[in-house]
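User: I have a model open and would like to go through it with you. Could we begin with charged side chains?
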Amino acid sequence: MKFLEIVKNILNLMNNLVWGPPLLILLVGTGIYFTVKLGFLQITKLPLAFKYLFSKDEDQVKGDGDISSFAALCTALSATIGTGNIVGVATAVGTGGPGAILWMWIAAFVGMATKYAEGFLAIKYRECDENGQMCGGPMYYIEKGTGNKLLAKLFAFFGLAVALLGIGTFGQVKSISDAVTKGFNISPQITATVITVLVAAVTLGGIQRISKVAEKIVPFMASLYIIGALLILICYFKEIPEAILLIVSSAFNPQAALGGAAGITIKTVIQRGIGRGIFSNEAGLGSAPIAAAAAKTKSPVKQGLISMIGTFIDTILICTMTGLALVLTGAFNSGLEGVAMTTAAFETAFPIAGIGKFIVNIGLIFFAFTTIIGWNYYGEKCLQYLAGIKSIKLYKIVFISFVAVGPFLSLDTVFVIADIVNGLMALPNLVGLIALRKVVISETEEFFSKEELKIEKV
């Protein structure tokens, strides 16, 4: 027991070091840099991004790629919209107070610019494999754009570790199992069997099947959860201004929300808000561009704009819904943690026949399942980069096996390891983004200059 405690303490220390102020500053600083240099395009070009998402112009019809830009976005969202939107927000608010939501918004706002850069580079530096499928992401733009193969391999290695050790398998499967057991009284054995069969059926079909499932499930699950949260906002409509004021004030004065006895400092609020926001939308971590690289398009700029919509939907919309529900219902001050806090918020608003609990549990199940299939694809592409296309079959067998055992594991240590490799994955990606910043900025400016000329001629 003593040895296990020592190991756990060492892992916690490593996690605190990896996810300490330097990495958070680097993540947010990179976003601020691209925000300023790209002229706040997350505001000025957001309507254009949605136009590209739902239109099929020549670039998107005749462009290389395996799936549509919409399907690529849904695949990326399937991995990012997960337990973090329900559990992560509650964890941030529970340990950092309502003020953590403001810092989550700030991280998401600048993260949209980072996500744009990632999507841009994913298209610019992608390549076609021997099976005729597109491969891209940080490992490719780091190697081809900077020439640093070691850094590219480090990203791929840590990305594979994240897919297999936590975000892609154990953590999500355990969340589904707990939700099904508590909400519907179904045994973990049945849950493990059903999830394993479903994951195998989807993931063995490759990116086409994953994207088709994501295209159907992601809009449905997001809409269901958003509608439930919106109903809470409608019920507490008069209290919304006061809730927002509390969020803003407690971001700089945590005691205003939880009292001095809580011992929460501004540093804690900032770390919890920014950290959980980044965990949820993954801006700067380098995962989303792996899916973006499969999009049918000729234009890096257009796919970059579509990619940044993912952060807007994940954090600005869904995480905000959860955060406001926690504040408006007073659940943030209930002493509960994680999913129990979010469930309490929804049950307060919908006390009849367990409707609130049903919305949270169903949301958690769908969010976690789509994260599994999204990260299956990310891990596959990381291993393919490291070991070649022949390694994919073995990877899928291992991944599906890990899914099967997920409901029966104690995940404290696994979650810490997953957090560590998640942070380590971000470092080479951020180095790549910074090294290629001039490529992103110059080609973006050139694209919009040409678009303005087209408008003037018309």
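User: Is Lys 124 buried, partly exposed or exposed?
Analyst: Lys 124 counts as partly exposed because its relative accessibility is 33%. Buried means under 20% relative accessible area, exposed means over 50%, and partly exposed lies in between (1.4 Å probe, protein chains only). The model is a predicted one, in which local features need pLDDT of at least 70, side-chain atom pairs count only at pLDDT 80 or more, and totals for chains, interfaces and linings use all residues. Residues are numbered from 1 along each chain as its sequence is written, and side-chain values use heavy atoms, with hydrogens and water left out.

User: Which residue forms a salt bridge with Lys 124?
Analyst: The partner is Glu 443, and the closest N and O atoms are 2.9 Å apart. A salt bridge is a side-chain nitrogen of Lys or Arg within 4 Å of a carboxyl oxygen of Asp or Glu. This pair links distant parts of the chain, 319 residues apart: Lys 124 is in helix α8 (residues 99–124) and Glu 443 in helix α23 (residues 437–457). Helices (H or I, at least four residues) and strands (E, at least two) are DSSP runs, numbered from the N terminus. Glu 443 is also partly exposed, since its relative accessible area is 26%.

User: Why do such side chains pair?
Analyst: Side chains of opposite charge can pair when their charged atoms come close.

User: How many salt bridges are there?
Analyst: The count by this rule is five. One of them joins Lys 381 and Asp 129, at 4.0 Å from N to O. Lys 381 belongs to helix α20 and Asp 129 to the loop between β1 and β2 (134–135), so these distant parts of the chain, 252 residues apart, are linked.

User: Are those two buried or exposed?
Analyst: Lys 381 is buried, with a relative accessible area of 2%. Asp 129 counts as buried too, at 14% relative accessibility.

User: New topic: what does Thr 203 contact?
Analyst: Apart from neighbours within four places in sequence, Thr 203 touches Ile 210, Ile 373, Asn 376, Lys 396 and Ile 400. Contact means heavy atoms within 4.5 Å. Thr 203 is part of helix α12 and counts as buried, its relative accessibility being 0%.

User: And which helices do the buried residues of α19 pack against?
Analyst: They pack against α7 (83–96), α13 (206–235), α18 (300–328) and α20 (355–387). Among the buried residues of α19 are Gly 338, Met 341 and Phe 346.
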